Amino acid sequence: MEENNTTKRIAKNTLMLYFRQILIMIVSLYTVRVVLNTLGAEDYGIYNVVAGVVVLFSFVNNAMATATQRFLNFNLGKSDAEKTQQTYSASLLIHIGIALIFVILAETVGLWFVNTKLNIPLERHSAAMWCYQFSIITTVFNILRVPYNAVIIAYEKMSFFAWVSIVEAVLKLLVVYLLIISPLDKLVAYVILLTLVSIIILFCYKIYCNKKFSTAHYKKVTDYSLVKEILGFSGWSLFGATANVANQQGTNIVLNMFTNVTVNAAMGIANQVNNAVYSFVSNFQTAFKPQLVKSYAAGKKEEFNGLIIRSAKFSFYLDESPNIFFILFIQLSTLNLDFVLQIWLKNVPDFSIGFVKLILIYSLFESINGPLWLAVQATGKIKKYQIIVSCLIFSNLPLSIIAFSLGANPYWVLLIRIILECFITMFRLLYLNKTQKFSVISYVKNVMIPVLIVMIVSFIITSLLSSCFSGLVFFFISCAISVIVNILLVCIVGINKNERKMIVNFFKRG
């Protein structure tokens, strides 16, 4: 009964997050089209690479976000309200410190790097500087948002994300409208408007948390051992955060150093497509993350291991089947992706097609990896794990530089990332097996084999559909047919009897 309640809670939270993400995806895909055509490929590329440098210096915040989330969930799992409030207060204090350190680094080392190392057209240097400064301000407000975000997720109030996303979507549509009519330099106007949006959203988070949660009020920190514990956890998470930033933003900078800003624009388009579709899986993982940590904190090992199996499987299915992520990838590959991108963007930067295909392949691997690394974080035993995984992730940066030095084309930055992700998946499984006695055989049997069967059959059916007909109308018809076929495949082959029963019960109970 308890397992069913947990599954039902995760499912309900996922549906709320899906509503949020559908809205964000629609707005994002529309705004990317308008922004690209308003700014032009050159300015859009400048925005992506300059903002990437800013994100590069926010790696400390990424580590602290993970630590804050983990400790809030852990203390709630132990039903310790006092410790939960102390955790919130400590994290708020730490994030203010992080924001100050971030500004210092961005205004010294970061500013030097932008001025001396980036390949930016001379006539756009002034606009790039405005873009850089306002990107710093935006990031500061995003850093201060982390403790509030962590509290909302810990209490599993996912409906708030749906409502605040309506506000954010309206604001971003307003940004697009104001950008078109603005007499200012378009790039400068764009970053100023995005900064204003980040400020408004931060205050929405703050007002909601202060009103709804008694633990979300700052109280003088007296338990400095808790601060030390959080910093200690985040210290090892820092390795992973640094590696991830280098993997995502660092390679974008490498692209700029060896190519030009139009290639950065193409990578920006690929990242937007990936963010739009992968975020569905991210929302599901956000929904089950609190339950994963709480089950470990409560000592429910069987439930903990079961959540890993189910979450990994359904993460991939949400990426591969009913969420039409994998279907869209096959459809776009077998039809004319260039034609589809032309309809969406009008002006398609070079390399966009290849980047989109490769980054979606990478995300298929990443979707099944999410529950594994979240499970490791839940245990708190992350020292050795972070060192090894971080080294593997970070190696994408030097390997990409070596590849470019040997004359490789831009696609290799993503090909290398895909290869490394395969090795990381194997290591995560072995690490969980060693530290938590997690059964690799059970994972292969209950996750990998069903996933492979569904994926292979799905690929064959969808490819046959695409080879029989062509045209934009058929694209949508075949997508609809593929969604139905893949849902049936998942229900018949991809999940077991108990999982089918839980799904049926969930819909019966509403």
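Helices H3 and H4 cross in a right-handed manner; a crossing is called right-handed if the near helix is turned clockwise from the far one by less than a right angle, and left-handed if anticlockwise. H3 covers residues 81–116 and H4 covers residues 125–154, and they pack at an angle of about 165° with their axes 9 Å apart. That angle makes H3 roughly antiparallel to H4, since angles over 145 degrees count as roughly antiparallel, those under 35 as roughly parallel, 65 to 115 as roughly perpendicular and the rest as oblique. Where H3 meets H4, the contact has 20 nonpolar, seven polar and one charged residues. In this sorting, Ala, Val, Leu, Ile, Met, Phe, Trp, Tyr, Cys and Pro are nonpolar, Asp, Glu, Lys and Arg are charged, and the others, Gly among them, are polar.

A word on where these values come from: the model is predicted, with local features needing pLDDT of at least 70 and side-chain atom pairs counting only at pLDDT 80 or more, while totals for chains, interfaces and linings use all residues. Residues are numbered from 1 along each chain as its sequence is written, and side-chain values use heavy atoms, leaving out hydrogens and water. The helices are DSSP runs (H or I, at least four residues), numbered from the N terminus. Their axes are lines fitted to C-alpha atoms over the stretch in contact, and angles run from 0 to 180 degrees between N-to-C directions.

Now look at the loop between H3 and H4, where you will find Leu 118. Leu 118 is buried, with a relative accessible area of 11%; buried means under 20%, exposed over 50%, and partly exposed in between, using a 1.4 Å probe and protein chains only. Val 53 is 65 residues from Leu 118 along the chain, and their C-alpha atoms are separated by 9.6 Å.

H4 also packs with helix H6 (residues 186–212), at an angle of about 15° and with their axes 9 Å apart. H4 and H6 are therefore roughly parallel to each other, and H4 passes H6 in a left-handed crossing. Their contact has 20 nonpolar, six polar and two charged residues.

Helix H1 (residues 2–56) holds Gly 40, which counts as partly exposed at 23% relative accessibility. Gly 40 and Leu 187 are 147 residues apart in sequence, yet 9.5 Å apart in space, C-alpha to C-alpha.

The crossing of H12 past H15 is left-handed, and the contact has 17 nonpolar, four polar and four charged residues.

Stay with H15 for a moment. The end C-alpha atoms of H15 are 36 Å apart, which agrees with the 36 Å that its 25 residues should span at 1.5 Å a residue; the expected span is 1.5 Å times one less than the number of residues. Arg 428 is found in H15 and is buried, with a relative accessible area of 7%. Arg 428 lies 56 residues from Leu 372 in sequence and 6.4 Å from it in space, C-alpha to C-alpha. Just after H15, Lys 437 takes a positive phi of about 55°.

After H14 comes Gly 407, with a positive phi near 95°.

Terms used:
Helices (H or I, at least four residues) and strands (E, at least two) are DSSP runs, numbered from the N terminus.
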